[in-house]
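Me: I am new to this structure. Can you take me through it in short steps?

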Amino acid sequence: MKKILILLIISALSGCASHQGVPVTVKFPDVPQDMLIACPNLNQLDSDQVKELSQVLEVVTTNYSQYYNCKAMVDNWIEWYKAQKSIFDKVGK
Amino acid sequence: MWFLNFIPDSLLQTVILGILFSGVGLYILGLFINFIPTFYPYKEPIRILSTLLIIAGVYGEGSYANEMSWREKVKEAQSAVSLAESKSQKVNTVIRTKIVHDKKIVHDKQIVIQKEIQVNEQLINKECKLDPVVIKILNEAATNPFLKPAGDNK
């Protein structure tokens with residue numbers, strides 16, 4: 001009788017322990033569409049049309065601009081990732 | 001326990017406490033049954049029933065408390081997730097604004113430089129004869145080194 005009683009008490013207390021975990025999932029956010037644009041290739045000179053140094057200079061400076069656009073994009077990616085990761089990590093804790 | 005979700009909390013708590021206190025009441029009744037000889041034969045069944053009811057009540061109360069504590073945790077987690085989602089949206093908005101701003105800065109600078117080239121065009125071209133090799137070298141330098149040659153599928 002005592003053994004059965006102990007068994008029943010243990011089974012009664014097991015009611016406190018049974019659960020399957022918190023059913024809430026956190027999804028890592030999607031990146032803005034503006035940041036999914038790949039960097040373009042650099043402009044090249046048209047050997048038939050380019051005859052003067054100023055024309056060369058124009059293409060070269062345009063390429064510099066493209067580089068800085070691309071640099072800004074990468075910098076923004078890094079900033080976005082760091083900020084989102086920090087938010088995401090805080091939720092997980 | 002999943003089925004607890006379908007039963008109203010107040011009803012569940014009432015039923016569990018009902019079972020527990022019925023068990024306790026029946027147990028106390030079992031103690032006093034010695035003084036009533038008529039009910040003496042029922043002493044053992046009453047003790048067994050009261051023990052079972054107490055155990056069921058304790059189990060139910062434990063499960064209920066556990067369920068409520070988990071529900072509270074879920075609520076907290078959901079509120080943390082929605083707060084994070086809202087923060088995340090704010091970050092996206094800030095970054096989108098920054099992208100537009102950065103593009104504008106680069107574009108504005110490019111316009112200034114292009115104008116400067118146009119203004120100084122005569123000066124730039126005055127003493128410079130452009131050899132075709134310059135174009136060739138510049139184009140080579142500007143070619144994407146990661147571009148695969150046609151037919152290369154590696």
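What follows is a set of questions and answers on chain B of this predicted model.

Me: In what order do the elements of chain B run from the N terminus on?
Reply: Chain B has four helices and zero strands. From the N terminus on, the order is therefore α-α-α-α.

Me: Is chain B a compact globule or more spread out?
Reply: The globule rule gives 15 Å for 154 residues. The radius of gyration of chain B is 42 Å, well over that value. Along the principal axes, its C-alpha atoms fill a box of roughly 130 × 40 × 20 Å. So, by the globule rule, chain B is more spread out.

Me: What share of the residues in chain B is buried?
Reply: A residue counts as buried if 20 or more other C-beta atoms lie within 10 Å of its own. Of the 154 residues in chain B, the buried share is 12%.

Me: How far apart are the end C-alpha atoms of α1(B)?
Reply: α1(B) has 24 residues. At 1.5 Å a residue they should span 34 Å. The model agrees, with the ends apart by 35 Å.

Me: What covers the buried residues of α1(B)?
Reply: Those buried residues are Ile16(B), Ile19(B), Gly23(B) and Gly30(B). Their cover includes α2 of chain B.

How values were computed
Residues numbered from 1 in each chain as written. Chains lettered and ligands numbered in written order. Predicted model: local features only at pLDDT ≥ 70, side-chain atom pairs only at ≥ 80, totals over all residues. Helix = DSSP H or I, 4+ residues; strand = E, 2+ residues; numbered from the N terminus. Rg over C-alpha atoms; globule rule 2.2 N^0.38 Å. Expected span 1.5 Å × (residues − 1). Contact = placed C-beta atoms within 7 Å.
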